[in-house]
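Hi,

Here is the structure I promised to pass on. Have a look at it first, and my notes follow below.

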Amino acid sequence: MGKSALIVIDMINTYDHPDAEQLIPSVRKALPAIVRLIERARQEDVTVIYVNDNFGEWRSHHGEIVDTALSGPHSELVRPVRPDDASLFVVKARHSIFFETPLTYLLSQLDVDHVVLSGQVTEQCVLYSALDAHIRHLRVTVPEDAVAHIHSDLAHAALLMMERNMHAVITDAEGVEF
């Protein structure tokens, strides 16, 4: 059996997009659980990998993405989850954390066979990432209190789909087994 990795999806965010107003309340609610997961992963020596949109800034690197989000109007949502020096960072351009990224290779090099998906958005990036993890034969856990959504009904449906169709373990952050 391999190792686990905590994946933090799209939490380094400026919230400068059309769905931000609907998303922010859910992010505020999920933030404490995400912070606890990150802290626990770091304490237990579990790899923490941030996979984040680059917001169309193709010349930027992860430091610039973090700095831009921290200097934005919603930095209080970013500061508690910012990467530390041991965290890994993968830039993505589309919804899935795997689409056209080096994540599959990185996970194989780290001997990871179990991913814990946290972050945003449950009914979009988390759902598509869970599917892509499943088809790569990775075990998937989604702590439902550590993912944020735009539409609660779609998020609920997405969690059901991940559990039934992708055999994901749906739990709360305290129930995550790394």
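The protein has 14 positive and 26 negative charges, and their mean positions lie 1 Å apart. Lys and Arg count as positive and Asp and Glu as negative, while His and the chain ends are not counted. Each charge is placed at NZ of Lys, CZ of Arg, CG of Asp or CD of Glu.

Before you read on: this is a predicted model, where local features need pLDDT of at least 70 and side-chain atom pairs count only at pLDDT 80 or more, while totals for chains, interfaces and linings use all residues. Residues are numbered from 1 along each chain as its sequence is written, and side-chain values use heavy atoms, with hydrogens and water left out.

**Overall build**

The protein has six helices and seven strands, in the order β-α-β-α-α-β-α-β-α-β-β-α-β from the N terminus. These are DSSP runs (helices: H or I, at least four residues; strands: E, at least two), numbered from the N terminus. The C-alpha trace spans about 40 × 35 × 30 Å along its principal axes. Of the 178 residues, 49% are buried (under 20% relative accessible area; exposed is over 50%, partly exposed in between, with a 1.4 Å probe and protein chains only). Among contacts (heavy atoms within 4.5 Å) with a separation of 6 or more, 82% join residues 24 or more positions apart.

Look for His137 in the loop between helix H5 (122-135) and strand E5 (139-143). His137 is exposed, at 72% relative accessible area. From Glu21, His137 is 116 residues away in sequence and 35 Å away in space, C-alpha to C-alpha.

Cheers
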